[in-house]
Structures are given as structure tokens and as C-alpha cells.
Amino acid sequence: NDGGVKLGYITAIIGSFCASGVIVLIRKAGKVGAHTLQLLFSWTVFGVSFSLLLGHLLEQHQWRVPTRGELPAVLGVCVSGSIAHFF
């Protein structure tokens, strides 16, 4: 399905811009006196909440659990993304 691939690229590009904007805002707010962990926690909670909400509203397919064959790929993406947050 070509539409799914395009949507994935669009989502990745928009997500990159949003994440870089959030990082800049966290650095600027940290200089003003806001606590970095508080800002990161807020970003995480509201990011996940809005992702679930928008995913539920925009997605036409039911969510499913990955099959055993898909689990290594999903785990790899989660691990590499988590490691990337520390660098």
C-alpha cells in the first residue's frame, strides 16, 4: 500500500521537526529555571496521550499485537529509539 509508506515518511518528518522544537524549548525553559525532568515528563505524558487520541481518531484499522515474526523488528525500533534519546 503506497499510501501507508507516504504517511510513514510524512509522520517521521513532522515528528523530527516537533521533537527538535521541543528540545529547543526545554533548553530555553531550563535556562529560565524550569526543571528539565519535569519538562521531559510533561512532554512524554502529553505526547503519548495525544498520539493515542489522534491514532484512535484517525486510524481506520483495529490495533493488533505483533506476531512472533514481527517482534524482533518492533523490539529493535524501540531499543534503538530509546538509546538515541541518550545521545
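**Legends to the close-up views**

A search of the whole structure, a predicted model, finds zero disulfides.

**View 1. Cys 18 and Cys 78 are both partly exposed.** The relative accessible area of Cys 18 is 47%. For Cys 78, the relative accessibility is 46%. No disulfide is found anywhere in the structure.

**View 2. The protein chain is built with three helices and zero strands.** Followed along the sequence, the pattern of the chain is α-α-α. Helix α2 spans residues 36-58.

**View 3. Of the 87 residues in the protein chain, 2% are counted as buried.** The chain exposes about 7,900 Å².

**View 4. A nonpolar patch lies on the surface.** Its members are Phe 41, Val 45, Phe 46, Phe 50, Leu 53, Leu 54 and Leu 57. Together, these residues have about 740 Å² of accessible area.

**View 5. Phe 41, one of the residues of the nonpolar patch, is located in helix α2.** Is Phe 41 buried or exposed? Its relative accessible area is 59%, which is over 50%, so Phe 41 counts as exposed.

Note on methods:
Residues numbered from 1 in each chain as written. Predicted model: local features only at pLDDT ≥ 70, side-chain atom pairs only at ≥ 80, totals over all residues. Heavy atoms only, no water. Helix = DSSP H or I, 4+ residues; strand = E, 2+ residues; numbered from the N terminus. Buried < 20%, exposed > 50% of the residue type's maximum accessible area, 1.4 Å probe, protein only. Areas by Shrake-Rupley, 256 points an atom, 1.4 Å probe, with all protein chains shown as cover. Patch = residues over 30% accessible without salt bridge, like charges linked within 9 Å, V, L, I, M, F, W, Y side chains within 5 Å. Salt bridge = Lys/Arg side-chain N within 4 Å of Asp/Glu carboxyl O. Disulfide = S-S within 2.5 Å.
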